[in-house]
Amino acid sequence: MSMQIAIAAERRHRHDAFGDWLFRKIVSAAGWFVLIALAAAAFSMYWGGREAFAEFGPGFLWSQEWDPVREQYGALVPIYGTLVSTLIAMLIAVPVSFGIALFLTEVAPAWLRRPLGAAIELLAGIPSIIYGMWGLFVLAPFLAEHVYPRLDEHLGDWPLLGALFSGPPLGIGMLTAGLVLAIMVIPFISSVMRDVFMTVPSRLKESAYALGSTTTEVAWDIVLPYTRSAVVGGIFLGMGRALGETMAVTFVLGNAHQINASLLMPGNSIAASIANEFAEATTPMYQSALLALGFVLFLVTFAVLALAKLMLMRLARREGA
Amino acid sequence: MLKSLTRSLASIALAAGIASTAQAAEITGAGASFVFPAMSRWSADYNAATGHRINYQSIGSGGGIAQIKANTVDFGSSDAPLKPEELAGSGLVQFPSVMGGIVPVFHVPGIAANQLRLDGQVLADIYLGKISKWNDPAIAALNPGLALPELRITVVHRSDGSGTTFNFVNYLSKVSPAWKQQVGEGTSVRWPTGVGGKGNEGVTAYVKQIKGAIGYIELSYALTNQVPYAQLRNADGRFVQASTASIQAAAASARWADSRDFHLVLTNAPGADSWPIAATNFILMSKQPKNAEGNRQAREFFGWVYANGDQAAAELGYVPLPDELVRQIAAYWGSHFN
């Protein structure tokens, strides 16, 4: 009798062990798949761009030339446009997202929270090309008529900042692209911030209120320090999206292969260059230059995320984790 | 009773399906976006007339050339003609399909369509950045009596590579040595100044929005979107406006018979009434196709287009080929295909 129980138990144990082993293998395969896919994407872009890198060397990264007729290519103008438009987007999006998240968690009445949250998620679901079209047909003319002429008039003559805001009011340009990108990344950042703000233990907040803190002090001194790492993570998620955004930027950035100090002037970005020119890139060197540009974007994104990780590690060390 | 009825209905439907697929062919093509509206319309009309279908992918001239060289489609389409040596090297034949015109469009408050006159040199200088205001003496000299405002010129060009650009910069290279030396020609060039719109639609949108803008788009887009376009001085020295008549005059003046494999770019055509920036779209087919039936069907399609597609093309703003040219194409097919 006890022998039968032992045999049955042994069979069950082997069955469970097998199931466990299978589960581990499948899950590991999924994890490895991510790494392999990432490495394959990076390698294929590098491989496609090797002709351009061989031809132009590291000078590819800081050359302003982009001449398809004479086959001279350089990545500086797209890199500049990508970084500047993303920077403007972040400068606008981070404070606004912060405000939205705090409003949703601290200030808003209970009946408003769910509809507002749903509205933000809807904003995240709008396709990027719709943002581009809205930017081109609604935002750009509005800015060209009412905002940019005033910026040029009042700020254009200031000693240092003036150069940033002078120029003809085209409507399309770096600042418009930054604005559209900001509107696109706000839903992502504010969702992450809101979810994380809600995890702050209410005991901490109640204690602060009990000691006489205002809402501002609670937000700044209790909520933010508690959620710092996750907030920075959310910001860099939004930044990743802004760096790679293609269609919205193509519509409103102006696709001009030039670097201009002024934010009112058009420029070009890496993703927009590739999207615009890849279909008609007939010569191998042209295609290779565009793939090399893709690899450069990969490097830029990687560098930005690595920076994020470093910042988080330093913050964690300071907090004593 | 019901079961046998449904079974017989199903078998009829299946037989009909097999029968129709046995007869109806699907012809694949790829290339320039310039002719995409015409291809869609011809494909629909051809399908109604014969039941065969054309599947045309508008991936750009470069893509079309690559695909026909790789023999993955039945025909390719390009706005820039390939040289006879390149055709011979890849075993391809080339012939024109339809024509169109490229017009300089502008947005200057107070100046209506048809009032503004430009010429090739001035256009090239504007695109080089040498002329930056609308009331520049060079423009005023061409337009005596027209009140030109002191408005900055914003140059709009194409951000993507395109056959429209190819024909436009080909014209500028022919009329302006400075342009030829500084920029050159191709489907994508290093524009000295200006903003880039994506596609003809993008350029149209920018020109309509930005005061003082100048751009170049196809005549069909200018007509559909009601964007004012300027007169140009042609090779004979006369100012002409873009229209079906002036583009056909440019085509008629072209010495197609002298060209090998129809390698001829129609820009700056001679003739008193010729429009200076006429563009032709070229079809490329393989002499040794992988799919001989598809090749034959494609030729039948184009024969049908030359015979029956003129009105549809004209309605869309294209210019159909003159009869003499169609005869030359038929003779060309005869000598290259068995």
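This is a predicted model: local features need pLDDT of at least 70, side-chain atom pairs count only at pLDDT 80 or more; totals for chains, interfaces and linings use all residues.

Q: Which way does strand E11 of chain B run relative to E4(B), and how many bridges join them?

A: As a general idea, two strands pair if at least two bridges are found between them. E4(B) and E11(B), the latter spanning residues 278–286, run antiparallel and are joined by nine bridges. To see one position in this pairing, find Phe95(B), which stands opposite Ile283(B) of E11(B).

Q: How many bridges join E4(B) to strand E8 of chain B?

A: Six bridges link E4(B) with E8(B), residues 213–218, and these strands also run antiparallel. Look at Val103(B): its bridge partner in E8(B) is Ile217(B).

Q: Do strands E1 and E2 of chain B run parallel or antiparallel?

A: E1(B), residues 26–31, and E2(B), residues 53–57, run parallel, with five bridges between them. Ala30(B) has Gln57(B) of E2(B) as its bridge partner. Between the two strands the chain passes through helix H2(B), residues 36–50, and this β-α-β crossover is right-handed.

Q: Which residue in strand E3 of chain B is the bridge partner of Gly31(B)?

A: That partner is Ser77(B). The pairing of E1(B) with E3(B), residues 75–78, is parallel and has three bridges.

Terms used: Residues are numbered from 1 along each chain as its sequence is written. Chains are lettered from A and ligands numbered from 1 in the order in which they are written. Helices (H or I, at least four residues) and strands (E, at least two) are DSSP runs, numbered from the N terminus. A crossover is right-handed if, with the strands pointing away from the viewer, the path from the first strand over the helix to the second runs clockwise.
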